[in-house]
Amino acid sequence: MIYIALNALPILLATIAGLLAGWLLHRNRHGAEFWISAFVAQAWFAAILAGALILAPPKAAAWVMAIGSAVVIWIGFVVPATIVTLRYRHVRWGEVLRDCGYWLVVMIVQALVLKSWGLVPPPV
């Protein structure tokens, strides 16, 4: 996972962009403990997304692949996990769909930031 170190700056910027998107969408006031855990989670999301973007085949335009990769990861992993977790807690469908939409926004924003700054593939 050397690619994480090689792409620390784009990953950090994508993390900050994801946190900003969360703040703009939710406008909740949270303590430091929330922001620390949110930062770690967003950084991991950005790191995994960076790896996916590095590995994405160049079969379409770079921006199409960036957004497409974010959407595929979102619909394949984030949506099912969010639905199962929140519905087990009897959260209403409207709130579940809002949370799923939030993660879609975060992943697209992070993909755009990562692609804008450029990613360095690991050495072969």
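Helix 3 gives the most to the lining of the largest pocket, with seven residues. Helices are DSSP runs of H or I of at least four residues, numbered from the N terminus. The model is predicted: local features need pLDDT of at least 70, side-chain atom pairs count only at pLDDT 80 or more, and totals for chains, interfaces and linings use all residues. Residues are numbered from 1 along each chain as its sequence is written, and side-chain values use heavy atoms, without hydrogens and water.

The largest pocket holds about 520 Å³ of space. Of its 25 lining residues, His26, Phe34, Gln42, Tyr102 and Trp103 are the closest to the centre. A pocket is an open set of points on a 1 Å grid over the protein atoms alone, where a 1.4 Å probe fits, with protein on both sides within 12 Å along at least five of seven lines; lining residues have an atom within 4 Å of a point. Helix 2, helix 3, helix 4 and helix 5 each supply at least two lining residues.

In the largest nonpolar core, of 27 residues, Leu49, Trp74 and Leu114 touch the most other members. Such a core joins buried Ala, Val, Leu, Ile, Met, Phe, Trp, Tyr and Cys residues through side-chain atoms within 4.5 Å. Buried means under 20% relative accessible area, exposed over 50%, and partly exposed in between (1.4 Å probe, protein chains only). Helix 5 provides the largest share of this core, nine residues.

Ala81 is found in helix 4 (residues 62-88). Ala81 counts as partly exposed because its relative accessibility is 43%. Ala81 and Cys100 lie 19 residues apart in sequence and 9.6 Å apart in space, C-alpha to C-alpha.

Technical notes:
Points joined across faces, edges and corners; volume = space filled by probe spheres on them.
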